[in-house]
Amino acid sequence: MRPVRVVIVTPDDERATWLGSCAADLGLVVERALSFGEAEARMGDERRPAELAMLHVTDGESSHLAAEMTRRVSARFGGGACVFVSDIAELGDAVEAMRAGAVDFVDARLGDTALAEALGAAVRRVLTDRERQRRIERLRGVCRRLDTARHSITDQVGSMCTDLVDAYRMLSSQLDTVTLHGEYSGLAKQELEVEPLLRVTLEFVLAKTTVCNAAVFLPSGSGDEFSLGAFVNYDRDPSSLAVLLERMAELLAPVVEIEGGVVRLADDEALGGLLGQDAHWLEGQEIVAVACEHEDECLAVLLLFRDRRSPLPSKASEVLGTVAGPFARQLGKIIRVHHRHLSVDDRHEGFGDGLGDGDGLGDKDGWGDLAA
């Protein structure tokens with residue numbers, strides 16, 4: 001443990017020798033200052049601060065100056081201790097010294113014993129203050145580490161809460177998808193004819209998304225061509241709708257089949273990237289379409305479209321993606337049942353020829369019974 005450093009303030013060499021000898025006997029490191037200002041500076045030295053001051057007072061004025069210094073030291077440094085050694089030892093001076101924060105007021109006329117006792121008590125006070133300061137610094141370090149740990153834990157808890165919210169949203173979305181899938185599958189399985197299945201599908205999709213134009217395109221018997229199976233007209237001019245749907249069957253449905261899955265075309269740039277120069281047919285429209293595949297074969301293209309100024313809801317993509325699978329499976333089941341009742345030669349005509357005009361899906365005069 002480092003020794004206590006004491007500064008003795010007196011202009012009297014004889015008193016300085018006596019005070020220094022008594023301090024050295026207690027193992028203190030002794031320094032001398034000729035003024036109270038110099039002593040105050042020694043106690044504020046950051047490199048080697050004096051922790052104890054012995055202030056020699058000879059009259060009322062020096063006692064008052066010593067009290068002022070003690071008051072400043074107590075306010076600035078807290079741990080500093082001042083001991084007054086007085087040649088006059090008047091009660092008023094002692095009271096002023098105690099009020100200023102002095103740890104003791106010694107009458108120099110009482111000799112070495114009284115001075116040694118006062119210095120011993122002051123040293124114990126200094127060591128106690130030093131230990132308290134050491135504990136304070138240690139506690140501050142602990143508090144800093146705890147604060148860092150608290151921030152870390154707070155960040156981790158915040159991250160965990162975010163993860164839980166994201167997981168809940170994902171789970172909620174998955175449950176919604178499962179519910180939607182089950183609801184539609186239950187309806188679709190009840191339909192054993194193409195026409196009612198198309199009608200139920202369009203009604204379900206529109207009920208789960210929004211009011212808009214909708215169409216189902218079915219593959220014809222020749223290559224990658226499609227024909228209109230059913231449609232719902234929301235806001236299109238009937239005189240131009242026929243041409244638009246033909247263009248969609250000719251241009252858009254084959255591309256959606258190639259793309260696979262859900263395709264969303266929200267602007268002219270997306271339309272141009274998919275259809276090239278033919279995109280002008282669909283300018284100003286927002287389109288969500290899905291290829292309905294079963295056993296690696298596209299059995300239909302389901303499509304929603306509306307003026308881009310009234311965009312389709314974001315859930316339209318999710319609804320079409322959920323409906324596409326069970327719709328294609330039920331459509332495939334109907335095809336298999338239907339083909340069992342055809343002759344061998346008729347089976348080679350293809351899906352479009354087998355389920356086209358005869359079922360009202362390709363009525364060239366009025367878009368069939370499924371037009372709405």
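Is Glu-51 buried or exposed? This is a predicted model, and in it Glu-51 counts as buried, at 12% relative accessibility. Arg-2 sits in the segment before β1 (5–9) and Glu-51 in the loop between α2 (36–43) and β3 (52–57), so the pair ties together parts 49 residues apart in sequence.

Next, select Arg-5 and Glu-31. Their closest N and O atoms are 2.8 Å apart, in another salt bridge. Glu-31 belongs to strand β2 (residues 29–33) and Arg-5 to strand β1, so this pair joins parts 26 residues apart in sequence. Both Glu-31 and Arg-5 are buried.

Then move to helix α8 (residues 268–275). Its buried residues are Leu-271, Leu-274 and Leu-275. Look down the axis of α8: the buried residues fall within an arc of 80°, so they line one face of the helix. On the other side, Glu-269 and Gly-273 are exposed. Show α7 (238–259), β8 (262–265) and β9 (285–294) to see part of what covers the buried residues of α8.

At the start of α8, zoom in on Asp-267, where a side-chain oxygen reaches to within 3.2 Å of the backbone nitrogen of Glu-269. After the helix comes Gly-276, with a positive phi near 65°.

Definitions and conventions
Residues are numbered from 1 along each chain as its sequence is written. This is a predicted model: local features need pLDDT of at least 70, side-chain atom pairs count only at pLDDT 80 or more; totals for chains, interfaces and linings use all residues. Side-chain values use heavy atoms; hydrogens and water are left out. Buried means under 20% relative accessible area, exposed over 50%, partly exposed in between (1.4 Å probe, protein chains only). Helices (H or I, at least four residues) and strands (E, at least two) are DSSP runs, numbered from the N terminus. The arc is that of the directions from the helix axis to the C-beta atoms. Contact means heavy atoms within 4.5 Å. A polar contact is a pair of N or O atoms within 3.5 Å; within protein, one must be able to donate a hydrogen and the other to accept it, and residues adjacent in sequence count only if both atoms are side-chain atoms. A salt bridge is a side-chain nitrogen of Lys or Arg within 4 Å of a carboxyl oxygen of Asp or Glu.
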